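Subject: Structure for you to look through

Dear colleague,

I am handing over the structure below, and I would be glad if you kept it open while you read my notes on it.

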Amino acid sequence: MNTLSVILPNADSEESKNLISRFIDQPNIKKIFLLQSQINVALHPKCECINFPLLRSGRTLNTIIQKIKTKYFLLITHAEIFGLRIDSIERMLNVAEHTRAGMIYSDYFEMSKGVRLEHPVNEYQLGSVRDGFDFGAVLLFSTSAVKKTIKQFGRIAQVKWAGLYDLRLKLSLDNQFVHIPEFLYTITKSDERKNENNQFDYVDPQNQNVQKEMELIATAHLKNIKAYLRPRFMKIPDDDIKYPVEASVIIPVRNRVNTICDAINSVLTQKTTFSFNCIVVDNHSTDGTTKLLEEYTLKNPLVKHCIPQRRDLGIGGCWNEAIISEHCGRFAVQLDSDDIYSSPETLQRIIDKFYDGPFAMVIGSYKLVNMKLAEIPPGIIDHREWTSANGRNNALRINGLGAPRAFRTSILREIGGMPNVSYGEDYAVALRISRHYQIGRIFEPIYLCRRWEGNTDASLSIDKINRNDFYKDKIRTIEIQARQQLNKKHK
């Protein structure tokens, strides 16, 4: 039975040629669509060239899908793939038959510098709406599910880079995606950079056109699932609390004896027209950080050294300790213990921004630097994709919103503070605040994010990356459900 078509990019690579030769001999493979191929297809009746260069473009995908007559089609997104055995494809087809899923994907192996590594991927959930979700390089689609989706929700958008993203989001509306937790194939790792270097690719200015397309597709999806929020915001509640200072810089810290002094000094050198202090929440450091902080407290009354009674706190929990502290000011401003403010005017600019508009939160921009403060790629991270009209919707697509982050203390207290975790706590609270209130943005760099080997996100393992990504997807799932309920209530 001819049940399968295959879509293969870069068909002239040696790996692709080997795959083609094996696919041709398989009776259940009816058609092989080759992108950018110089192969003499006359020798291969099963093969058909598609002369569109971009696999992820809407034009390419719409053209190919129209041609598909088989029950399933296999989309291979990575040119450097090998070790895709026929029994792996049969395994995917078998799972598709039993689950009636719209799409099947699996874990895979990755060859890096001659070493084969396991690369598991995450389960798909409602909040897996980021365009960078890792499905791997081999995706099996149900043709009937895809064509039904296109008939119901329209053809894949005529976009250059976001076509596959559009197809995936539309298909997810009425179909399940099944993850097979088995390593069914191997790819050659194409990006050997450390994880902390490639995590900023989505904010690289060179990718702005790609990001605009992705935002367009993501916004349409949120409208389809009734989680889109119009640019209407709640009024900032009156705040008649008497605060000890106007602003508090909050620094959670654990074992940063080499960097904490720089962070505190960048606070103490701030020039402002208002009163401020620095609340350092010392999460039971064991490397000498505590002694340094005790000395700072004796020398400068602006530094408030707090050691929580609890020993189960993450960064979010440390923030909550500071927020409920008697020392906390009207505004709470973030500074990581690794980083510094870029100038003595940073704090003034942040608080001025709060008074420029009815903002519950203000987010600045930062520059990536090394420990000598020399700029490193990609340089300035300003998240200029944010707009006042659509920023809180697009925030569900991207993995972060920038730094430094600052909050109205009363609102942060009202919503219960941050999740007690050390990754994604700021993203979670920003999504929560943006559901109801406006967020102000400063697009010029006012903060220096220093990269060094001791950073918490340096050289993360794939398991840790997956845990972090799964957590942020779960945050998005919760937020999408909350926004759906909000729209239902206001319908």
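What volume does the second largest pocket have? In this predicted model, the second largest pocket has a volume of about 610 Å³. Its lining is made up of 21 residues, and those closest to the centre of the pocket are Tyr228, Leu229, Leu486, Asn487 and His490. Sorted by class, the lining of the second largest pocket holds seven nonpolar, six polar and eight charged residues.

Next come the helix contacts. The axes of helix α5 (residues 163-172) and helix α7 (residues 208-224) come within 10 Å of each other and cross at roughly 10°. Since angles under 35 degrees count as roughly parallel, α5 and α7 are therefore roughly parallel to each other. On the side of α5 the contact is made by Tyr165, Asp166, Leu169 and Ser172, while Met214, Ile217, Ala218 and His221 make it on the side of α7. Five of the residues in this contact of α5 with α7 are nonpolar, two are polar and one is charged.

Helix α5 also packs with helix α4 (residues 143-153), here at an angle of about 90° and with the axes 9 Å apart, and that makes α4 roughly perpendicular to α5. In this contact, Ala145, Val146, Thr149 and Phe153 of α4 meet Leu167, Lys170 and Leu171 of α5, which by class gives five nonpolar residues, one polar and one charged.

Finally, there are the cavities, of which the count comes to two at 30 Å³ or more. The largest cavity has a volume of about 60 Å³, and the residues that line it are Phe233, Trp386, Thr387, Ser388, Arg392, Ser434, Tyr437, Gln438 and Ile439; four of these are nonpolar, four polar and one charged.

The second largest cavity holds about 40 Å³ of space, and its lining consists of Val129, Tyr165, Leu169, Ala218, His221, Leu222, Asn393, Leu396 and Arg397. Here α5 and α7 are the elements that give two or more residues, with α7 providing the largest share, three residues. By class, the lining of the second largest cavity has six nonpolar, two polar and one charged residues.

With best wishes

Terms used:
Residues numbered from 1 in each chain as written. Predicted model: local features only at pLDDT ≥ 70, side-chain atom pairs only at ≥ 80, totals over all residues. Heavy atoms only, no water. Axes fitted to C-alpha atoms, helices over the stretch in contact; angles between N-to-C directions. Helix = DSSP H or I, 4+ residues; strand = E, 2+ residues; numbered from the N terminus. Parallel < 35°, antiparallel > 145°, perpendicular 65-115°, else oblique. Contact = heavy atoms within 4.5 Å. Nonpolar A, V, L, I, M, F, W, Y, C, P; charged D, E, K, R; others polar. 1 Å grid on protein atoms, 1.4 Å probe; cavity = no way out; pocket = protein on both sides within 12 Å on 5 of 7 lines; lining within 4 Å. Points joined across faces, edges and corners; volume = space filled by probe spheres on them.
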